[in-house]
Amino acid sequence: MNKTDILRTAEECITVDRQATHGEAEENFSRIALLWSAYFDCDYMFDAKDVAAMMVLFKMARFKANPSHPDNMIDACGYAAFAGEMGMNVEKKSKAIAPVFSDY
């Protein structure tokens, strides 16, 4: 698998496959951020872009353990794209977490 294949596969995953299965990424990342913030019980409140960035690090740790498994880099590319998009939209008013989280 070459770099173009990795990027194209990541694009397919984040724009079609996983969104259809799991819903809007930013909403899911916001839910995860809320849970991480509660779990770590610290003054810092994680947000959706923190989750995306930390998932890149998670995939990098997996890559270190198994560099020949392409899924790690495909997912890292996808998470990096989400983090980048959310970072570009920091000034945009974020969606309220409570209504999203209250679905559960």
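This is a predicted model: local features need pLDDT of at least 70, side-chain atom pairs count only at pLDDT 80 or more; totals for chains, interfaces and linings use all residues.
Biologist: How many disulfides does a search of the whole structure find?

Modeller: A disulfide is a covalent bond between the sulfur atoms of two cysteines. Here a pair of cysteine sulfur atoms would have to lie within 2.5 Å to count. Across the whole structure, the number of disulfides found is 0.

Biologist: Is cysteine 13 buried or exposed?

Modeller: The cut-off for a buried residue is under 20% relative accessible area. Cysteine 13 has a relative accessibility of 10%, and therefore counts as buried.

Biologist: What is the relative accessible area of cysteine 77?

Modeller: Partly exposed residues lie between the buried limit of 20% and the exposed limit of 50%. Cysteine 77 belongs to this class because its relative accessible area is 27%.

Biologist: How many aromatic pairs are there?

Modeller: Two rings pair if their centres lie within 6.5 Å. By this rule, the count of aromatic pairs is 6.

Biologist: Why is the pair of tyrosine 39 and phenylalanine 40 given its class, and what is that class?

Modeller: The ring centres of tyrosine 39 and phenylalanine 40 are 5.3 Å apart, with the planes at 90°. Planes over 60 degrees apart meet the cut-off. The pair is therefore edge-to-face.

Biologist: How are the rings of phenylalanine 40 and phenylalanine 46 arranged?

Modeller: Their centres are 5.9 Å apart. The planes stand at 55°, so the pair is tilted.

Biologist: Which residues do ring pairs link into a cluster?

Modeller: Tyrosine 39 is exposed at 67% relative accessibility, whereas phenylalanine 46 is buried at 13%. Both belong to the cluster that ring pairs form, whose members are Trp36, Tyr39, Phe40, Tyr44 and Phe46.

Key:
Residues are numbered from 1 along each chain as its sequence is written. Side-chain values use heavy atoms; hydrogens and water are left out. Buried means under 20% relative accessible area, exposed over 50%, partly exposed in between (1.4 Å probe, protein chains only). Rings of Phe, Tyr and Trp (its six-membered ring) pair if their centres lie within 6.5 Å; planes under 30 degrees apart count as stacked, over 60 as edge-to-face and the rest as tilted.
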